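Open the model in your viewer and keep the selection tool ready. We will go from the whole chain to a few places that deserve a look.

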Amino acid sequence: MQTDTLFWGSLVFAGIDEVEVEAAAAAFGTVEVVARGRAAGAACPDCGRFSERVHDRYQRRLRDLPLAEQGFVIRLTVRRFICGSGDCPRRTFAEQFSRLAAPYARTTRLNRALEPPAPAEY
């Protein structure tokens with residue numbers, strides 16, 4: 001069943017401008033949102049040079065907190081860019097979605113929910 005992308009975009013990505021929802025579907029107790037980055041390019045993490053030259057794309061599958069007793073998954077298309085600086089040791093780099101998820105991690109919201117509570121101060 002297809003669902004409203006504007007609704008899911010505003011609910012899940014509220015305050016995260018770097019992501020655009022392309023599609024959303026709900027089936028078998030799971031909601032899956034397909035999203036991608038909005039920016040035209042990204043800055044190289046080593047030299048800081050901005051690049052719009054896309055080298056490749058790959059999918060990240062991010063688990064998030066359940067919504068309305070349904071599992072929630074974000075399929076995020078991540079682009080790898082080519083660094084155009086000749087003296088930079090990094091040839092390619094992936095765009096970062098720091099407000100959504102750290103590299104190799106679940107979503108930021110799910111990580112916070114899974115952290116143990118801070119010890120109480122007396």
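**Before you start.** This is a predicted model, so to speak of local features a pLDDT of at least 70 is needed, side-chain atom pairs count only at pLDDT 80 or more, and totals for chains, interfaces and linings use all residues. Residues are numbered from 1 along each chain as its sequence is written, and side-chain values use heavy atoms, with hydrogens and water left out.

**Colour by confidence.** The mean pLDDT (the predictor's confidence in each residue, from 0 to 100) of the chain is 81, and 75% of its residues reach 70 or more. Where pLDDT is low, the predicted coordinates should not be read in detail.

**Show the cartoon.** Helices (H or I, at least four residues) and strands (E, at least two) are DSSP runs, numbered from the N terminus. Of the 122 residues in the chain, 34% are buried, where buried means under 20% relative accessible area, exposed over 50%, and partly exposed in between (1.4 Å probe, protein chains only).

Ala25 stands opposite Glu32 in β2. Two residues lie between the strands of this hairpin, and Phe28 in the turn has a positive phi of about 55°.

**Move to Ser85.** You will find Ser85 in the loop between β6 (70-82) and β7 (92-94). Is Ser85 buried or exposed? Ser85 counts as buried because its relative accessibility is 10%. Leaving aside neighbours within four places in sequence, show Cys47, Arg49 and Arg91, with which Ser85 is in contact; contact means heavy atoms within 4.5 Å.

**Back out to the whole chain.** Among contacts between residues at least 6 apart in sequence, 50% join residues at least 24 apart.

Conventions
Pairing = 2+ DSSP bridges.
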